[in-house]
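Subject: Handover of a structure for your review

Dear colleague,

Please find the structure below for your review. My findings are set out after it.

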Amino acid sequence: RETLEGAPGSIRIAAVMTAAAGLYVVGEAPDLRAGAVRAAAALDGGKALGVLERLKGIVSPPTRPVQT
């Protein structure tokens with residue numbers, strides 16, 4: 001969660017690199033550098049955290065398996 005709030009560190013770097021590659025692969029960024037800029041902006045601007053919050057509202061918590 002801290003990374004999604006813009007905290008610096010190795011987890012942020014890995015997240016930005018992964019997102020940059022994803023954006024490049026799907027054609028949303030012309031190169032990895034542009035993808036990294038866009039990913040960092042999503043983290044710094046709170047957009048990534050907003051996505052997490054929306055997903056939390058959609059996904060139900062896991063249920064415990066039924067014991068037999």
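This is a predicted model: local features need pLDDT of at least 70, side-chain atom pairs count only at pLDDT 80 or more; totals for chains, interfaces and linings use all residues.

Helix packing

Helix H1 spans residues 10-25 and packs against H2 at an angle of about 125°, the two axes being 7 Å apart. As for handedness, H1 and H2 make a right-handed crossing.

Salt bridges

The count of salt bridges comes to five.

Arg 1 and Glu 5 are joined through their side chains by a salt bridge, with an N to O distance of 3.4 Å. Arg 1 is exposed, its relative accessible area being 51%. Glu 5, in contrast, counts as partly exposed because its relative accessibility is 49%, and the exposed class requires over 50%.

A salt bridge of 3.8 Å, N to O, connects the side chains of Glu 53 and Lys 56. Both residues belong to helix H3, which covers residues 47-58; because Glu 53 and Lys 56 are three residues apart there, about one helical turn separates them. Each is partly exposed: Glu 53 has a relative accessible area of 34%, and Lys 56 has one of 49%. Through salt bridges with shared partners, Arg 1, Glu 5, Glu 53 and Lys 56 are joined into one network.

The side chains of Glu 28 and Arg 38 also meet in a salt bridge, at 3.5 Å from N to O. This pair links distant parts of the chain, since Glu 28 sits in the loop between H1 and H2 while Arg 38 is in helix H2, 10 residues away. Glu 28 is partly exposed at a relative accessible area of 46%, and Arg 38 is likewise partly exposed, at 43%.

Surface and burial

Which residues form a nonpolar patch on the surface? The patch consists of Tyr 24, Val 25, Val 26 and Leu 32, and together these residues have about 430 Å² of accessible area. Of these residues, Leu 32 is found in helix H2, which runs over residues 32-44. Leu 32 counts as partly exposed, because its relative accessibility is 49%.

Is Ala 29 buried or exposed? Ala 29 is buried, because its relative accessible area is 6% and the buried class takes values under 20%. Ala 29 lies in the loop between H1 and H2, the loop that also holds Glu 28.

Leu 4 is placed in the segment before H1. Its relative accessibility of 22% means that Leu 4 counts as partly exposed.

Two C-alpha distances may be of use to you. Leu 4 and Leu 52 are 48 residues apart along the chain, and their C-alpha atoms are separated by 8.5 Å. For Ala 29 and Lys 56, 27 residues apart along the chain, the C-alpha separation is 27 Å. Lys 56 is the residue that meets Glu 53 in a salt bridge, and Ala 29 is the buried loop residue described above.

Yours sincerely

Methods. Residues are numbered from 1 along each chain as its sequence is written. Side-chain values use heavy atoms; hydrogens and water are left out. Patches are made of residues with over 30% relative accessible area and no salt bridge: like charges are joined within 9 Å, nonpolar side chains (Val, Leu, Ile, Met, Phe, Trp, Tyr) within 5 Å. Accessible areas come from the Shrake-Rupley method with a 1.4 Å probe; for residues, only the protein chains shown count as cover. A salt bridge is a side-chain nitrogen of Lys or Arg within 4 Å of a carboxyl oxygen of Asp or Glu. Helices (H or I, at least four residues) and strands (E, at least two) are DSSP runs, numbered from the N terminus. Buried means under 20% relative accessible area, exposed over 50%, partly exposed in between (1.4 Å probe, protein chains only). Axes are lines fitted to C-alpha atoms, for helices over the stretch in contact, and angles run from 0 to 180 degrees between N-to-C directions. A crossing is left-handed if the near helix is turned anticlockwise from the far one by less than a right angle, and right-handed if clockwise.
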